[in-house]
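Please keep the sequence and the structure at hand while reading.

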4 protein chains.
Amino acid sequence: MRDEVLERAAKEEMQVHTDLALEARESCGEGEEGIPGVNIRESVHGDLGVKVTWVEVLDEQGERALGKPCGSYITLEAERMAVHDESCHREISEALAGYIRRLLRGVGNPRSVLVVGLGNQEVTSDSLGPQVLANLRITRHLETGRAEDRTEAGKGKEAEAMGKEETAGRGDAGRFSVSGIVPGVMAQTGMETAEIIRGIVAETKPGALLVVDALAARSVSRLGTTIQLSNTGIRPGSGVGNHRHSLTRESLGIPVVAVGVPTVVAAAAIVYDTVDALAELLEAAGAGNAAEAVDGMTLPERYQMVRELIEPRLGPMYVTPGNIDERVKLLGGIISEGINQVFS
Amino acid sequence: MRDEVLERAAKEEMQVHTDLALEARESCGEGEEGIPGVNIRESVHGDLGVKVTWVEVLDEQGERALGKPCGSYITLEAERMAVHDESCHREISEALAGYIRRLLRGVGNPRSVLVVGLGNQEVTSDSLGPQVLANLRITRHLETGRAEDRTEAGKGKEAEAMGKEETAGRGDAGRFSVSGIVPGVMAQTGMETAEIIRGIVAETKPGALLVVDALAARSVSRLGTTIQLSNTGIRPGSGVGNHRHSLTRESLGIPVVAVGVPTVVAAAAIVYDTVDALAELLEAAGAGNAAEAVDGMTLPERYQMVRELIEPRLGPMYVTPGNIDERVKLLGGIISEGINQVFS
Amino acid sequence: MRDEVLERAAKEEMQVHTDLALEARESCGEGEEGIPGVNIRESVHGDLGVKVTWVEVLDEQGERALGKPCGSYITLEAERMAVHDESCHREISEALAGYIRRLLRGVGNPRSVLVVGLGNQEVTSDSLGPQVLANLRITRHLETGRAEDRTEAGKGKEAEAMGKEETAGRGDAGRFSVSGIVPGVMAQTGMETAEIIRGIVAETKPGALLVVDALAARSVSRLGTTIQLSNTGIRPGSGVGNHRHSLTRESLGIPVVAVGVPTVVAAAAIVYDTVDALAELLEAAGAGNAAEAVDGMTLPERYQMVRELIEPRLGPMYVTPGNIDERVKLLGGIISEGINQVFS
Amino acid sequence: MRDEVLERAAKEEMQVHTDLALEARESCGEGEEGIPGVNIRESVHGDLGVKVTWVEVLDEQGERALGKPCGSYITLEAERMAVHDESCHREISEALAGYIRRLLRGVGNPRSVLVVGLGNQEVTSDSLGPQVLANLRITRHLETGRAEDRTEAGKGKEAEAMGKEETAGRGDAGRFSVSGIVPGVMAQTGMETAEIIRGIVAETKPGALLVVDALAARSVSRLGTTIQLSNTGIRPGSGVGNHRHSLTRESLGIPVVAVGVPTVVAAAAIVYDTVDALAELLEAAGAGNAAEAVDGMTLPERYQMVRELIEPRLGPMYVTPGNIDERVKLLGGIISEGINQVFS
């Protein structure tokens, strides 16, 4: 299934796909007056120098420029995410909690949230979502009076009761209701993740979805050192796994906040980087001119040919660091801690 | 949560709960002409002497007598389930496949099935369902033409298309559509299993549910040596875990076939067995009479007192064999193999 | 294999085995002047009221009375170990770290320690050791200069170099070398745990062994609420699993500190408790006298008969709480945190 | 740790490391009369067309040419290894069993074998060894008379007794003694795998070591479709993980048979392939000549520069297919089945 991410990427004018708005921005040739339709702010958070980039896609022009739907994308970057350092991780968890709160406030401050751990727990680089879910404090079933009410309620009554509860919940100062699910991937379930989540949302009526997923980046230096938050939901072709159907406010009827960490790079990215570096070097040396007339093919055409030669067998291949288990474990800890802070 | 199973059991006129219709029958004082409203057939299957008991609860009288809802309960018993013996396991898988097919034929021979692996994969004795799901051949997403159709379809169109597919599926000779889910337990999700399944069923519209679960037995000798099939669904208070809401045809709108293996006995059962054995011994010795007048308490009252003394702290306690991991692994293999045969 | 623990227990004058010195003390009929050869101190630690019991077996007389070898047994008890409560757990981790340090000082304050996670990670109640190991900070391979030295060294040279290192390590203020192993159980390896550990100790020459194991208690109320430390090593028949060979200073040549948590009770214990409660009740009512003359059997003989009747099929059975996964996870976190503090 | 594999590879005259003798042969420029010091036979096995290549490194000349130590390397290749196909997998298991038997006969037909599952079970692509071990039939502890003898024996006696057993074992027609260990990786244990195995071998005295490991290949097309057997042991820098110390007959005193499956390719390999393809294309177009004089750098120097530019940050990076979990599960099943056949 992952093939599609890259197949799709290959068609996007020969650009390798990235789930990070940050990287989409880097590759879109920003002019002096910035990118039209995109607002960007950068800041540094805390003593450790966590770099925070806030990318706001404002309109269709911005969407086209970045290839990302309208909304907010917040990226936290810190090299020390990838190493054991408790005080650093605590600081990042707190920053993360702050930004999740902010995004939730922007969508009406829902008091009941369904947290979805996307991905395949059998594949280390895709197991971030399931790992975060394993350490969440789930509270929906602990709400006072809930269990009894519902045991007695028939199906119709219950749905009604739950509707009320949710409203009541919003008024109930500070008390959150957190539920969670690890839906698995399509090879395990035979179902689209979107089908599963849509069904559960319809039945349990949470106020918002908080989705945790492993992402694909463009640059290996970002693997395990970056967290991206967004309020735009999950769309087909994003994530390490593949989601052909959307998890968005449009498809689910409730707001969706996503938290992701890049854990893989499409193997094709390395082909591109290599061809680009070589092209640059040859052009600098004047080889470009010399080659142009030869054999009926321009240099850019040759580069393209190499890409097409090597890429196909790399289609379903991913690049990931050897210690991906440690990185996912560390980042999973940071994120579950951050989410627990938001809802405690 | 598991407490409730046993709390409930304690109230059931001091009988320890069992999920096995076979054991319910044993404890209900069968007369010479059998149990009214209950039909029982016994047979021996294959060279290995798998004992098959078919308990048919016919009406309300039968329901009251057995404490089990109307329907069929098929039990396969063989000591060799619990030891490594490939040819034996193959034979049991085949027998199991045959009985699953028979129960499915009885509910209209559905061609699309959602298999649900109930239980907690973090608790060995409760991990049968998740283990079976890990070895199933999931095929729903492989159906020809499915992926493309649905990628293009909007949400409304898709629901319509799926309705058609399902109908079409039934006509399509021999091709099954198998989907699967491991919903987790309420402490992990904050949701009733029934809520999750109801939502997924409403969204994906399978023709039937096949539920796999670990069960609670009354006798330790049945742990890991018995498989029970039924067509009555899962009801509150059954299973190793606790299901306050039902997974039944009434609650879901589709037939439910259940496959279960007893992996635990409520610890209270041992108190009962011990008291009963002692009472029998004392009565045989005439001590019963002597005691009756003393201290204003009859012997039965004293027995009851001991039960009430010891049972409470055993409420949430389970008895399970030391090698439960091997037994669950073996039985999980037998069951997944059997289910794969049915749908291949 | 676990059968043996209980078979053995059954022969011990019909007493159910416990790994806790605390419980051995309770069942040995302590007189007013205490138990000869045994020194006992009790105290309460910290704000949370962690109950600390220090049992010192001083000589052979004490060994016979308690059925435990000479040495120190420290037990920490707190109900709140079994529930989510971070500040409580931090306090217990700190107390634990303090007592581990004390026991290590008593055996020469070794600077290099091999931590052994005993048990079967496939069985939730036996997975404490492996879970603790998964969260330890392992440092032996990080020592400066170590890697290079050893890559060049031949086998003989290396052994020599390591001997030196160990000595050097002791002088190196505060720097610990921590290695760790999860040896698995005999059904998985075909080897005694003691064989595996003896081999690794001979090859890597740690200064001490720190063994983490799940234990069998006598009372269900202690499951997941008690931590026992000792400096006497692990002996045949102790632990949830079975260890026919010892892990002791005598067998390994290095001191052994053990940390354990009771996670199971032998199912036979419930038979005993029930018979005892009933016997007490009947005797109080005068039924004892009445029964004595009847049928050529005294009441104690009858009780014994019931035990012998019910116990055999319970031999390999264990009692464990339904939420054993949560308890083991919480206790595993407390213990790994405590050990990490000792060696940081 | 994995960095070293690739660092080392980078120094090997800019060749990317492969664990497969088959690939080493491909890259060493075989002449018409073959490679001196290397014997190669190819055949096709069974109905499915499993391609079998037998590479025999005969002497030092062969070692230099291939970069692999003297000994036999048998490679089984079949595309269908990577897909669900039971009859195909059975055929490969049988072929594998035959070749393992042949290699064991070549080293004296040992009757007691320690199977070692190398790798990190937390990293999917490195978990082949642990997965195979989880499905092996372990028998060493089941040998008649063994348990009792050894419980009584002191350490010295036992070692002696075991020496005898081993000899006896060889005479005992057809009965094998299989033990197994998953030693973990250095980041988990702080110890070299070689230290752990050396200690266990010294203590338990198996007749041979059978090592299962995930390998690094040069070509992505071989991932999960190739099994390599060898009788030369495991050497530093091989495997997916890193083994700085050897597991060989020289270091352990017993013969070592290795079974491996390539699951990753070093990310640097893609840089090389891309540069090579581009170089070839440019040279064909005559661009090579044009460029030679320019800027004081020849084209080969420029290629080298690009490699050096891009490679460093790829050092610790691996390429692996998206469905690596399924491939490792399938191959693990084939291999454990094959080994079980050998020793049953």
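Which residues of H11(C) are buried? In this predicted model, the buried residues of H11(C) are Ala268(C), Ala269(C), Ile270(C), Val271(C), Tyr272(C), Thr274(C), Val275(C), Ala277(C), Leu278(C), Ala279(C), Leu281(C) and Leu282(C). The helix is thus mostly covered, with 12 of its 17 residues buried, and from its first C-alpha to its last it reaches 24 Å, close to the 24 Å expected at 1.5 Å a residue.

In chain B, Ser72(B) belongs to strand E3 (residues 71-77). Is Ser72(B) buried or exposed? Ser72(B) counts as buried because its relative accessibility is 7%, which falls under the 20% cut-off. The side chain of Ser72(B) is joined to that of Glu56(B) by a polar contact of 2.3 Å. Leaving aside neighbours within four places in sequence, the residues in contact with Ser72(B) include Trp54(B), Val55(B), Leu103(B), Leu229(B) and Asn231(B).

Chain A holds 14 helices and 9 strands, and 62% of its 344 residues count as buried. Among the contacts in chain A with a separation of 6 or more, 75% come from residues 24 or more positions apart.

| Interface | Buried area | Share on carbon and sulfur atoms |
|---|---|---|
| Chain A and chain D | about 3,600 Å² | 73% |
| Chain B and chain D | about 340 Å² | 21% |

The contact between chain A and chain D takes 45 residues from chain A and 44 residues from chain D. On the side of chain A, Leu278(A), Leu281(A) and Met317(A) supply 15% of the area buried against chain D, more than any other three residues. The elements that give two or more residues to this side are helices H11 (268-284), H12 (287-292), H13 (299-314) and H14 (324-342) together with strand E9 (317-321) of chain A. Across this interface the rule finds 0 salt bridges, whereas 9 residue pairs are in polar contact, both residues being at pLDDT 80 or more.

The contact between chain B and chain D takes 5 residues from each of the two chains. In chain B, Glu86(B), Arg137(B) and Lys329(B) lose the most area to chain D, and together they make up 65% of what that side buries. How many salt bridges does the rule find across the interface of chain B and chain D? The rule finds 2 salt bridges there, and Arg137(B) forms a salt bridge with Glu86(D) in which the closest N and O atoms are 3.8 Å apart. The count of residue pairs in polar contact between chain B and chain D is 2, with both residues at pLDDT 80 or more.

Note on methods:
Residues numbered from 1 in each chain as written. Chains lettered and ligands numbered in written order. Predicted model: local features only at pLDDT ≥ 70, side-chain atom pairs only at ≥ 80, totals over all residues. Heavy atoms only, no water. Contact = heavy atoms within 4.5 Å. Buried area = accessible area lost by both parts, 1.4 Å probe. Salt bridge = Lys/Arg side-chain N within 4 Å of Asp/Glu carboxyl O. Polar contact = N/O pair within 3.5 Å; in protein donor to acceptor, adjacent residues only side chain to side chain. Helix = DSSP H or I, 4+ residues; strand = E, 2+ residues; numbered from the N terminus. Buried < 20%, exposed > 50% of the residue type's maximum accessible area, 1.4 Å probe, protein only. Expected span 1.5 Å × (residues − 1).
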